[in-house]
Amino acid sequence: MVSTATGRGRPTIRDVAAAAGVSRGTVSRVINGGRWVSPESRVAVERAIADTGYRTNQHARSLATGRSSSLAFLLTEPQDMLFADPNFAILLRGAAEALARRQMTLVLLVAGTPVERENAAAYVADGHVDGVLLISTHADDPLLADLVARGIPTVSCGLPLGYTGQVASVSVDEVGGARTMVRHLRSTGRRRVAMIAGPLDTPGGRYRLDGYRDELGADYDARYVAYGDYTAGSGAAAMAELLDRVPDLDAVFAASDTMAAGAIATLRKHGRRVPADVAVGGFDDAGLAATLDPPLTTMHQPFDLISAEMVGLLLDVVAGGPHKSVTMPASLVVRTSA
């Protein structure tokens, strides 16, 4: 595409700046992921880039900055979870889109085994990427400690258990969201609200259980809590355990929509109607919730905003900025299940 600004064959930053009505420094900050740009100027620059057909010379950029112009999306779960849990795919897509707008590349790394974690840590330490978007952190996973020890710029999706303050993060209000769901279930007249919690070494497992317990207060009873690992199978097994232990339950809050799907299947198998006999609530709203039978009442996580914020925070850290933690609200989405 020929630049309308100069007629040269390859548009330059000068052309983009002229088209956007901003300085070349502002264009450079937008291209390099800097966040000290007003929203209006950023929109103008991005529109000018599209209009002029400008593309960054990544090789020259890497030589000048010593950076790869790429980030790693590092999932610390077994490989099949990338496809089994819709949350991960949505986060991946959002991160890829956020980087594409900056003409940067996203590298997918899955590290669910010790060997994979060792290989992933070595890969990022060798400088193939500028930083890591860390997804699904377990407190006992040594990978985060390794990244911190190596000085790898990292942003965690969810609070980095054991490393709060040392690692930037973007999370939803896990406690507040859980309290909202329990409050909603009780507002429908349910009084024996059970919970299928996630693994306690994950932020979602620990803090959503805290919210459930806080909202129930003196009514909390540990017999009404079972545990899963965010898979549908674990949700089904936990629901069967709860029905055996506390058959009088009239509502269940699952710490993920996938576990809620398993719970609904078990309730149906046991002849319990949803929501007539047992109301069911989930957490995530990543697409699965609306397709369940009945459609699932759940807490919505703004995954697209989470991805974009993670990319912005990580680029700040790469540029030498502070490690910030951002918490976003989860919002209640009421459907037929509760």
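How many residues does helix α12 have, and what does it reach from its first C-alpha to its last?

1. Ground rules. This is a predicted model, where local features need pLDDT of at least 70, side-chain atom pairs count only at pLDDT 80 or more, and totals for chains, interfaces and linings use all residues. Residues are numbered from 1 along each chain as its sequence is written, and side-chain values use heavy atoms, leaving out hydrogens and water.

2. Helix α12. With 13 residues (257-269), α12 reaches 18 Å, close to the 18 Å expected at 1.5 Å a residue; the expected span is 1.5 Å times one less than the number of residues. Helices here are DSSP runs of H or I with at least four residues, strands are E runs with at least two, and both are numbered from the N terminus. Its buried residues include Met259, Ala263 and Ile264 (buried is under 20% relative accessible area, exposed over 50%, partly exposed in between, with a 1.4 Å probe and protein chains only). Glycine 271, which follows α12, has a positive phi near 75 degrees.

3. The sheet. Six strands make an open, mixed sheet ordered β7-β6-β8-β9-β10-β12. β7 (225-227) and β12 are at the edges with a single partner strand each, so one side of each has no neighbour in the sheet. Strands pair if DSSP finds at least two bridges between them; β6 (193-197) and β8 (251-254) run parallel, joined by four bridges. Methionine 195 sits opposite phenylalanine 253 in β8.

4. Arginine 335. You'll find arginine 335 in the segment after β12 (331-333). Arginine 335 is partly exposed, at 24% relative accessible area. Beyond neighbours within four places in sequence, its contacts (heavy atoms within 4.5 Å) include Asp285, Pro295 and Thr298.
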